[in-house]
Amino acid sequence: MRILFDSRKEKYKSPFGCIRRGEKCVLSIDIPQSCKTSSVRLCIFDEIGFRMLMPFYKVGCSEGYEFYKTEFALFHTGLYFYYFKIETEESNFSLYKQGSDTNIEAGDLWQITCYDENYDTPEEFKGRVMYQIFPDRFSIGKRCSLAGKLEPFTLHDNTNDIPRFLPDENGRILNNDFYGGNLDGIRLRLPYIKE
């Protein structure tokens, strides 16, 4: 039996998606009774030094699982990251994200965005279709000058090439692939975008 949590399901995170500043967020996690859990804590933090530990409380059990819940609110807008710390009778471990599943001691962090409570989508955007493009691969107009471009870089001739995303010999991931798309190329395709 696995520990169950999926931030994309309202059973485990409510409200779904981003939260407004000051809005109550409820997280739930289902832990197998065989773990013999003694405590569960939410570890939430941001990149500028905010850290918060929130205890979960047990709300029930059924079919081999114990159900835990916590509630919290965030009071500053921004991007936050979180994971869980679980203590059992036999061990302590951290719980991370692995795809849409959970994993003990290794994996990714979950994310949550907190936005201004007064923000509302402008009326002219409600119900509209948004069209986003990735300028570097969308369309190439006149060739851009490469003078002064931060080196090293890779300029691809084919927009279907896979970018280099592996670390270099020094362990750095540079993300320095370019495909030549530019504003001039976008201007050339405005009739297509309008259509």
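At 35% relative accessibility, Glu-117 counts as partly exposed, that is, between buried (under 20% relative accessible area) and exposed (over 50%), with a 1.4 Å probe and protein chains only. The model is predicted, so local features need pLDDT of at least 70 and side-chain atom pairs pLDDT 80 or more, while totals for chains, interfaces and linings use all residues. Residues are numbered from 1 along each chain as its sequence is written, and side-chain values use heavy atoms, without hydrogens and water.

**Exercise 1.** Find the residues linked with Arg-21 in a network of salt bridges.

*Solution.* 
- Step 1. Apply the cut-off: a side-chain nitrogen of Lys or Arg within 4 Å of a carboxyl oxygen of Asp or Glu.
- Step 2. Take Asp-116: its closest N and O atoms with Arg-21 are 2.6 Å apart.
- Step 3. Take Glu-117: its side chain meets that of Arg-21 at 2.7 Å, N to O.
- Step 4. Helices (H or I, at least four residues) and strands (E, at least two) are DSSP runs, numbered from the N terminus.
- Step 5. Conclude: Arg-21, Asp-116 and Glu-117 form the network.

**Exercise 2.** State what the salt bridge between Asp-101 and Arg-2 joins.

*Solution.* 
- Step 1. Check the distance: 3.2 Å, N to O.
- Step 2. Locate the partners: Asp-101 lies in strand 10 (residues 101–104) and Arg-2 in the segment before strand 1 (13–14), so the pair ties together parts 99 residues apart in sequence.
- Step 3. Check accessibility: Asp-101 is partly exposed at 30%, and Arg-2 is partly exposed at 41%.
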